[in-house]
Amino acid sequence: MKLGIVGKKVGMTQVFDENGNIIPVTVVDTSNCFVTQVKTKDSDGYTALQVAFGEKKPQNVGKAELGHFKKAGVQARAVTKELRLENTDDVTQIKPGQALSVGMFEKGDRVDVTGTSRGKGFQGVIKRWGFHGCDASHGGHKYFRHGGSNGSNTFPGKVLKNKGMPGHTGDVRCTMNNLKVVEVRPEQNLLLLKGAVPGADNGLLVIRTSNRSTKQPTGRTLTK
């Protein structure tokens, strides 16, 4: 059973396939990933695994969380994530303190990768929403990158919902679907995925087996 795993984005590089073609890949480090709690339908109402990843000094962890790690037999970790499973999945063989390895994946598998996209700060409507801007002639140079009219007249006399406006861009939770596993290195706990994944280097990633068809193109899903 391919449960899923939590890792850290190392960066991007390229590898060669058997035909000599260059494949851009993202390297994901999944070291220090441990199960801290097993939730079942009988005890919690649903089936899931709580996974801890990364390293953190014990003095920087709260007493309650430190006791939770101690109960699981795991040293203090930086983050914890929950991997929801189907209620029909058998998790009786999984125990707290068990280490997760990329050995659960194989070359050619399809996975969904969830992370936090790069933050781009405060941006205008052209960069944020793709507005084309105003005409570049007849005195429009002052308003070329403006959003134009964003309200109505006396009725309803307000800006309608979902109107594209300037604001903070990026830094949202998003998922890249159906990425291909190019290579698995269990001895180094490294996973090589074809293409790019959300976030900057050293960003946290959650990797789950994709339930989509292999013929479906790769896409991005935003989650607020």
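User: Before we start, what counts as a polar contact here?
Analyst: A polar contact is a pair of N or O atoms within 3.5 Å; within protein, one has to be able to donate a hydrogen and the other to accept it, and for residues adjacent in sequence both must be side-chain atoms. Keep in mind that this is a predicted model.

User: OK. Which side chain does aspartate 44 pair up with in a polar contact?
Analyst: That would be serine 43, with 2.7 Å between the side chains. Aspartate 44 sits in helix α1, residues 41–44.

User: Is aspartate 44 buried, partly exposed or exposed?
Analyst: Partly exposed, because its relative accessibility is 33%, and that class runs between 20% and 50%.

User: Switching to glutamine 50. Where is it, and is it buried or exposed?
Analyst: Glutamine 50 is in strand β4. It counts as buried because its relative accessibility is 15%, and the cut-off is under 20%.

User: What polar contacts does the glutamine 50 side chain make?
Analyst: One goes to the side chain of threonine 36 at 2.7 Å, and another to the side chain of histidine 68 at 2.6 Å. Setting aside residues up to four places away in sequence, glutamine 50 also touches others, including Phe34, Thr80 and Glu82.

User: Now the largest nonpolar core. How many residues, and which touch the most other members?
Analyst: It has 28, and Leu100, Val111, Val113, Leu191, Leu193 and Ile207 touch the most other members. Elements giving two or more residues include β4, β6 and β10.

How values were computed:
Residues are numbered from 1 along each chain as its sequence is written. This is a predicted model: local features need pLDDT of at least 70, side-chain atom pairs count only at pLDDT 80 or more; totals for chains, interfaces and linings use all residues. Side-chain values use heavy atoms; hydrogens and water are left out. Helices (H or I, at least four residues) and strands (E, at least two) are DSSP runs, numbered from the N terminus. Buried means under 20% relative accessible area, exposed over 50%, partly exposed in between (1.4 Å probe, protein chains only). A nonpolar core is a set of buried Ala, Val, Leu, Ile, Met, Phe, Trp, Tyr and Cys residues joined through side-chain atoms within 4.5 Å. Contact means heavy atoms within 4.5 Å.
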